[in-house]
Amino acid sequence: MHPGLDCPVMPLPLTRSKALLRRARKLMPGGVSSPVRAHTQVAGTPPFIVRGRGAYLEDADGNRYLDYVGSWGPLILGHAPPVVMRALRRAAAAGTSFGAPTELEVLLAAKICGALPGIEQLRFVCSGTEAVMSALRLARAATGRSRILKFEGGYHGHADALLLEAGSGVATLGIPASPGVPEAFTRLTVQAPYNDLSALAGAFKRYGDELAAVIVEPVAGNMGCIPPGPGFLEGLREICDRHGALLIFDEVMTGFRVAWGGAQRRYSVTPDLTCLGKIIGGGLPAAAYGGRRALMEQVAPSGPVYQAGTLAGNPLAMAAGLATLEALEKPGAYKRLERRSAELTQGLQERAAAAGVELCCAAVGGLFGFFFHEGPVRNFDDARRADPARFRVFFRAMLEQGVYLAPSPFEAGFVSLAHRRSDIRATLEKAGRAFEKVARMR
Ligand SMILES: *Cc1c(COP(=O)(O)O)cnc(C)c1O
């Protein structure tokens, strides 16, 4: 059924991918449209993908992979799910963009507002980065304050103010803060370690009256996967309220990933503003920011906070997002995701232990991560202490066996509803072999 998955370990033929990469590098920085795709951290050739179906990817050389990246989060139903493909064909037949309101936006907005306790009203944009930039502008306008607080290792897109000590590709490439960001901007960004309420209290003591907002990934997913410790999100809510700062949940990754209704529903902490992306576009470019009606009505044209977008609310993206959410709403979807991720991380933990390799795993809903670290991993400092060389060996051994993981220890993994129990079991067998290779290092 899935050839390639059961063949023995052998070096991957990547002839066509290598040729494409040579050409791509002349035309695009690093040959890619987004940095982590270049496989720099794992010193390998990124397979050039030609198609995806269900839980599987196929590259330009005909290699097949069981995919745990899922386009970095959006593809919670797997690749090319029939319900989304049908919705897309229907939408495309009517035209691709109108720059005018459509019913699809109303339907998707209603679905999202019904699911997330923190969203009464929202604005669609095209990327998570844009959602975050816009939410911050609104928070600053609403409070009349300029500073914002983010957590080390949190990634919120590539907006100027948020690249300090950021996770994801920024951490992968070891870039502390990007050139081109004026110091005047980063001075307004205050940082604190994730999962550390006493450090947060210190930051508030110093800057409390100047903070417009605290922005947080409620489950950190861009420094590996780090769940919030007990009371962390509640503590955030409380300290923001005490100081008149807004609490922004960046749920671009966690929204509809860790639960129906996102982390805010899973942990019962309601933010003032929420950023969404990834899953709500069903694999097409859509994102959103939303919150209480009184706040959102400060956005133009209801209010003076300006924000706009030519392709925002694009009908194809709305159709794909709506079809995805309708499938996720079916009973049992999140239970199944949760079970698959738990089987995977428990299995990884066992196989690593059997090989004598220290590993620390976490899973929340359809999100998971693992660190080559004895644990616990609670924040960016802990995550950075995980062994990158072991990760590299493990990653390559898995890729050669047809398992496609994120090519960086600072990225989470994603399980989809297309991953079957047999896929997880096959992954664990391969992981066993990969851990043995790790154990033989040095
Ligand atoms: C992916 C991500 C973003 C950025 O979204 P883009 O669509 O890549 O701009 C922002 N915040 C979080 C938490 C993310 O995971």
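Predicted model: local features only at pLDDT ≥ 70, side-chain atom pairs only at ≥ 80, totals over all residues.
Figure 1. An oxygen atom of the ligand lies 2.8 Å from a polar backbone atom of Gly128. At Asp250, an N or O atom of the side chain is 2.6 Å from a nitrogen atom of the ligand. The protein buries 82% of the 380 Å² that the ligand exposes when taken alone. A polar contact is a pair of N or O atoms within 3.5 Å; accessible areas come from the Shrake-Rupley method with a 1.4 Å probe. Local features need pLDDT of at least 70 and side-chain atom pairs pLDDT 80 or more, while totals for chains, interfaces and linings use all residues. Residues are numbered from 1 along each chain as its sequence is written, and side-chain values use heavy atoms, without hydrogens and water.

**Figure 2. The shell around the ligand.** The residues around the ligand (a heavy atom within 4 Å) include Ser127, Gly128 and Thr129, then Tyr155, His156 and Gly157. Glu217, Asn222, Asp250, Val252, Met253 and Lys278 also belong to the shell. By class, the shell holds 3 nonpolar, 6 polar and 3 charged residues. Here Asp, Glu, Lys and Arg count as charged, Ala, Val, Leu, Ile, Met, Phe, Trp, Tyr, Cys and Pro as nonpolar, and the others, Gly among them, as polar.

**Figure 3. The largest pocket, with the ligand in it.** The largest pocket has a volume of about 1,100 Å³, taken as the space filled by probe spheres set on the points. Its lining has 37 residues, and Ser34, Thr129, Tyr155, Gly157 and Lys278 are the closest to the centre. Helix H4 (128–143) and helix H5 (168–172) are the elements that give two or more residues to this lining. The lining divides into 17 nonpolar, 15 polar and 5 charged residues. A pocket is an open set of points on a 1 Å grid where a 1.4 Å probe fits, with protein on both sides within 12 Å along at least five of seven lines; lining residues have an atom within 4 Å of a point.

**Figure 4. The second largest pocket.** The volume of this pocket is about 530 Å³. Among its 27 lining residues, Glu105, Leu122, Arg123, Phe124 and Ala312 lie nearest the centre. Helix H3 (103–115) and strand E4 (121–125) each supply at least two lining residues, and E4 gives the most, with 4. Helices (at least four residues) and strands (at least two) are DSSP runs.

Key. Polar contact = N/O pair within 3.5 Å; in protein donor to acceptor, adjacent residues only side chain to side chain. Sits in = over half its atoms within 2 Å of the grid points.
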